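Hi,

Here is the structure I promised to pass on.

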Amino acid sequence: MALEGIKARMQQLRVQADASSAKVEELTAKVKTLEQENLAKEQEITSLTHKNQTLEGELEELHGRHNDLKKEVDSMGGQGTQNEALQRKLQILEEEAEEADKTLRETNDKLRQTDVKAGHYERKVQALESARDQWEEKYEEMSKKYATVKKELDDFQLEIGNI
């Protein structure tokens, strides 16, 4: 039985050794995975650190530009009121230009209407002149006929008076 106890104990130790070996392999794989993750995190940290430094440099540059622009704006403070006055003047001039444009359009419309009326009256005048010319011709004809008839009447009265 002692031999069987030793065999059982050896069997137990083999099972424990196999289990330990499997556990070691599992833990080794886990350590390897964690080391890779750690390396990736370190690279990400390095990248983010570099990016942070770059952004801090840009931030300092922007602060400098901001201060420069602020000084420029402060120095232009007096020009701001002048600029506002010029803006108001520009707005007034634009309104006047719009009003002048409106007046010009109205004047052009009136001119067109007057031109149309002038054309109408011009045609009317031509028609009246034509009618006048016809009346003058008729008057001249009638005057000639009157003169002829009067002469005939005078001649006739003279003949009657001679008889």
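**A nonpolar patch to start with**

Leu-153, Phe-156 and Ile-160 make up a nonpolar patch on the surface, and together they have about 290 Å² of accessible area. A patch here is built from residues with over 30% relative accessible area and no salt bridge; like charges are joined within 9 Å, and nonpolar side chains (Val, Leu, Ile, Met, Phe, Trp, Tyr) within 5 Å. Accessible areas come from the Shrake-Rupley method with a 1.4 Å probe, and for residues only the protein chains shown count as cover. Leu-153 sits in helix α2. Helices (H or I, at least four residues) and strands (E, at least two) are DSSP runs, numbered from the N terminus. Leu-153 counts as partly exposed because its relative accessibility is 44%. For that label, buried means under 20% relative accessible area, exposed means over 50%, and partly exposed is in between (1.4 Å probe, protein chains only).

**Before you go further**

This is a predicted model, so local features need pLDDT of at least 70 and side-chain atom pairs count only at pLDDT 80 or more, while totals for chains, interfaces and linings use all residues. Residues are numbered from 1 along each chain as its sequence is written, and side-chain values use heavy atoms, with hydrogens and water left out.

**The whole chain**

What does the secondary structure of the protein chain come to? Two helices and zero strands. The radius of gyration of the protein chain is 61 Å, well over the 15 Å that the globule rule gives for 163 residues, so the chain is more spread out than a compact globule. That radius is taken over C-alpha atoms, and the globule rule is 2.2 Å times the number of residues to the power 0.38. Along the principal axes, the C-alpha atoms fill a box of roughly 205 × 60 × 15 Å.

How much of the protein chain do buried residues make up? The figure is 0% of the 163 residues. The chain exposes about 15700 Å², and carbon and sulfur atoms supply 57% of that area.

Gln-87 and Ser-130 are 43 residues apart in sequence, and their C-alpha atoms are 63 Å apart in space. Gln-87 is in helix α2 and is partly exposed, at 46% relative accessible area. Glu-122 and Gln-36 are 86 residues apart along the chain, with 104 Å between their C-alpha atoms. Glu-122 is also placed in helix α2, and it is exposed, with a relative accessible area of 52%.

**Charges**

The protein chain has 26 positive and 36 negative charges, and their mean positions are 6 Å apart. Lys and Arg count as positive and Asp and Glu as negative, while His and the chain ends are not counted. The place of a charge is NZ of Lys, CZ of Arg, CG of Asp or CD of Glu.

There is a negative surface patch as well, formed by Glu-94, Glu-95, Glu-96, Glu-98, Glu-99 and Glu-106. One of them, Glu-99, lies in helix α2, which covers residues 77-162. Glu-99 is partly exposed, at 47% relative accessibility.

**Salt bridges**

Side chains of opposite charge can pair when their charged atoms come close. A salt bridge is a side-chain nitrogen of Lys or Arg within 4 Å of a carboxyl oxygen of Asp or Glu, and the count by this rule comes to four.

Here are some to look up:

- Asp-101 pairs with Arg-105, with 2.5 Å between the closest N and O atoms. Both are in helix α2, four residues apart, about one turn of the helix. Asp-101 is partly exposed at 36%, and Arg-105 is partly exposed at 47%.
- Asp-109 pairs with Arg-112, and their closest N and O atoms are 2.7 Å apart. These two are three residues apart in helix α2, about one turn of the helix. Asp-109 is partly exposed at 38%, whereas Arg-112 is exposed at 52%.
- Arg-132 pairs with Glu-136, with the closest N and O atoms 3.8 Å apart. They lie four residues apart in helix α2, again about one turn of the helix. Arg-132 is partly exposed at 43%, as is Glu-136 at 40%.

Which residues are linked in a network of salt bridges? They are Arg-132, Asp-133 and Glu-136.

Cheers
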